[in-house]
Number of protein chains: 4
Amino acid sequence: MTKDKIKLRVRYQETDQMGVVYHANYFVWFEVGRAEFFRKLNMPYSEFEKNSLYLPVIKAYCEYKAPARYDDEITVITRMDELQEVRLTFHYHLFRERELLAKGTTEHAFVNQQGRPVVLRKQTPFLWRRLHETFNSSGG
Amino acid sequence: MTKDKIKLRVRYQETDQMGVVYHANYFVWFEVGRAEFFRKLNMPYSEFEKNSLYLPVIKAYCEYKAPARYDDEITVITRMDELQEVRLTFHYHLFRERELLAKGTTEHAFVNQQGRPVVLRKQTPFLWRRLHETFNSSGG
Amino acid sequence: MTKDKIKLRVRYQETDQMGVVYHANYFVWFEVGRAEFFRKLNMPYSEFEKNSLYLPVIKAYCEYKAPARYDDEITVITRMDELQEVRLTFHYHLFRERELLAKGTTEHAFVNQQGRPVVLRKQTPFLWRRLHETFNSSGG
Amino acid sequence: MTKDKIKLRVRYQETDQMGVVYHANYFVWFEVGRAEFFRKLNMPYSEFEKNSLYLPVIKAYCEYKAPARYDDEITVITRMDELQEVRLTFHYHLFRERELLAKGTTEHAFVNQQGRPVVLRKQTPFLWRRLHETFNSSGG
């Protein structure tokens, strides 16, 4: 399984005066999906940083199909898409019931606390193996 | 001139525990740049909505080169990139002094208050002409 | 029951460079607690606005006891505290397990879509009765 | 002078579906006012943290008089209100031209990087003196 699913409910704070969710907030929901993805693998992201491993976003993209609205229940589907020695890509799909609201991508570098790139296989071999297995087990 | 420049200062609220600006906030800065772009043309976006014209984001993209930090002074450069009958594209560059921090794009549809697509030339001819002139005057 | 309980997980976006949750976000969590409070009464706040009833915040207060951190599971306890003809007060307590992180208050006016104050008993009698019963049933 | 004044323009992101600024954002503007207050004293808050001095918010209060709207130009007036050895209080007033939109307060502790309270006079004597002079010079 390289896929994870989580539900969240739209907060009033996330809306704007167009009466829909402000577009930048979709990236926050992607982050929520990503956090759950790692948690399900028993590798919560909070543990990464304790080991001086950070995954800053280096590219982010979103395509908006239909507006999310206040109080909607949103399903975030997160899929690991590419795993390289120094970088990782996720894809996301946001649904309200069966309606696709948006899809997007984030690309992440592996860096240490000083912001220097690290080779995951060397810096955190356990995590590398775990992600690698996960990625392969699904036929990628 | 299809280009506009505005400065803003990074707020504490915009940082995250990585000690840098949270990535989704760059899209908020793009929005600030866009608002100033329209204001300079004497067509503040707030006027659009009074005329039942909305410009929701339909695609958003950002590439992160170097992290912005608390209290940095950021320059947002906004450029209109494509003007079509039903859609508009902007490009953005974010600088801290001469250092490029990020660049990105947003694509916008023209819709009415009900969220239905409108042909700008018909719905708001004045604005269409104004954007069109602006776009051409610069050799696009 | 004039009390409701909901859990939420701290998002990365909610942290700041102090390594803890940015203080203003506690008010967003209060809003989440309030929304669940109304939902449990079978009166989701989203329905209010469809009936041209709005509950803007007119006073907000928070006292911070201990910092919430990324990925913490936070329990929000929301209690209706005062119900008057033109206004409503809520109290909130935020916990991480048994540790009190913060407590606060929001006071809300009842207004219509134009922002004019309304007397709830007249404007939305059903809601007034429902809140009133709820409030009394608990010995307030 | 224990008072500072700064202007900011309401961002689209700061609005909600009520068509006005979401209430929690006023606390972000207070933070912007506070940052400018320190900057004007030649003690930018960013320098504090480099010296392991942090000023987390321990109490926050806001009273809302009239809604701020998209694109409004807001004046934030920040006043230091109480200076104690372990704590500091600020008052804020938000105006749109001459109309008072909101007023509020934040109370801050002085803590070190570990979150432990510090006595400002001992931890950062220079800053203590500077704030003290500032406070007295105005009949505070």
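Biologist: How many bridges join β2 of chain A to β2(B)?
Modeller: Five bridges join strand β2 (residues 57–64) of chain A to β2(B), and the two run antiparallel. Bear in mind that this is a predicted model.

Biologist: Which residue in β2(B) is the bridge partner of A:Cys62?
Modeller: The bridge partner of A:Cys62 there is B:Ala60.

Biologist: What sheet do those strands belong to?
Modeller: An open sheet of ten strands, with antiparallel pairing. The order is β1(A)-β3(A)-β4(A)-β5(A)-β2(A)-β2(B)-β5(B)-β4(B)-β3(B)-β1(B).

Biologist: Which strands stand at the edges?
Modeller: β1 (3–9) of chain A and β1 (3–9) of chain B. Each has a single partner strand, so one side of each has no neighbour in the sheet.

Biologist: And how far are neighbouring strands turned against each other?
Modeller: By 20 degrees on average, with direction ignored.

Biologist: Back to the contact between A and B. How many residues does it take from each chain?
Modeller: It takes 17 residues from chain A and 17 residues from chain B. On the chain B side, α1 (25–40) and β2 (57–64) each supply at least two residues. The largest share on that side is eight residues, from β2(B).

Biologist: What classes do the chain B residues fall into?
Modeller: On the side of chain B that touches chain A, 13 are nonpolar, two are polar and two are charged.

Biologist: What rotation superposes chain B on chain A?
Modeller: A rotation of 180 degrees, with 0.0 Å of shift along its axis and an RMSD of 0.0 Å. The two copies are therefore related as by a two-fold rotation axis. The same surface serves both copies, since 100% of the contact residues of chain B recur in chain A.

Biologist: Which residue of chain B comes closest to that axis?
Modeller: B:Tyr61, whose C-alpha is at 2.2 Å from the rotation axis.

Biologist: What about β4(B) and β5 of chain B?
Modeller: Ten bridges join β4(B) to strand β5 (residues 99–109) of chain B, and they run antiparallel. These two also form a hairpin with two residues between them. In the turn, B:Glu97 has a positive phi of about 50 degrees. B:Arg96 stands opposite B:Glu99 in β5(B).

Biologist: Now chains C and D. What order do the strands of their open sheet have?
Modeller: The order is β1(C)-β3(C)-β4(C)-β5(C)-β2(C)-β2(D)-β5(D)-β4(D)-β3(D)-β1(D), ten strands with antiparallel pairing. At the edges stand β1 (3–9) of chain C and β1 (3–9) of chain D, each with a single partner strand, so one side of each is left without a neighbour in the sheet. The twist averages 20 degrees from one strand to the next.

Biologist: Where does helix α1 of chain D lie?
Modeller: α1(D) lies across β1, β2 (57–64), β3 (73–84), β4 (87–96) and β5 (99–109) of chain D, running at about 130 degrees to β1(D).

Biologist: Is α1(D) buried or exposed?
Modeller: Of its 16 residues, 14 are buried, so α1(D) is largely enclosed by the rest of the structure.

Biologist: What span should a helix of 16 residues have, and what does this one have?
Modeller: At 1.5 Å a residue, α1 (residues 25–40) of chain D should span 22 Å. Its end C-alpha atoms are 23 Å apart, which agrees.

Biologist: Which residue with a positive phi follows α1(D)?
Modeller: D:Asn42, with phi near 60 degrees.

How values were computed. Residues numbered from 1 in each chain as written. Chains lettered and ligands numbered in written order. Predicted model: local features only at pLDDT ≥ 70, side-chain atom pairs only at ≥ 80, totals over all residues. Pairing = 2+ DSSP bridges. Helix = DSSP H or I, 4+ residues; strand = E, 2+ residues; numbered from the N terminus. Axes fitted to C-alpha atoms, helices over the stretch in contact; angles between N-to-C directions. Contact = placed C-beta atoms within 7 Å. Nonpolar A, V, L, I, M, F, W, Y, C, P; charged D, E, K, R; others polar. Least-squares fit on C-alpha atoms with pLDDT ≥ 70 in both. Expected span 1.5 Å × (residues − 1). Buried ≥ 20, exposed ≤ 12 C-beta atoms within 10 Å, placed from the backbone.
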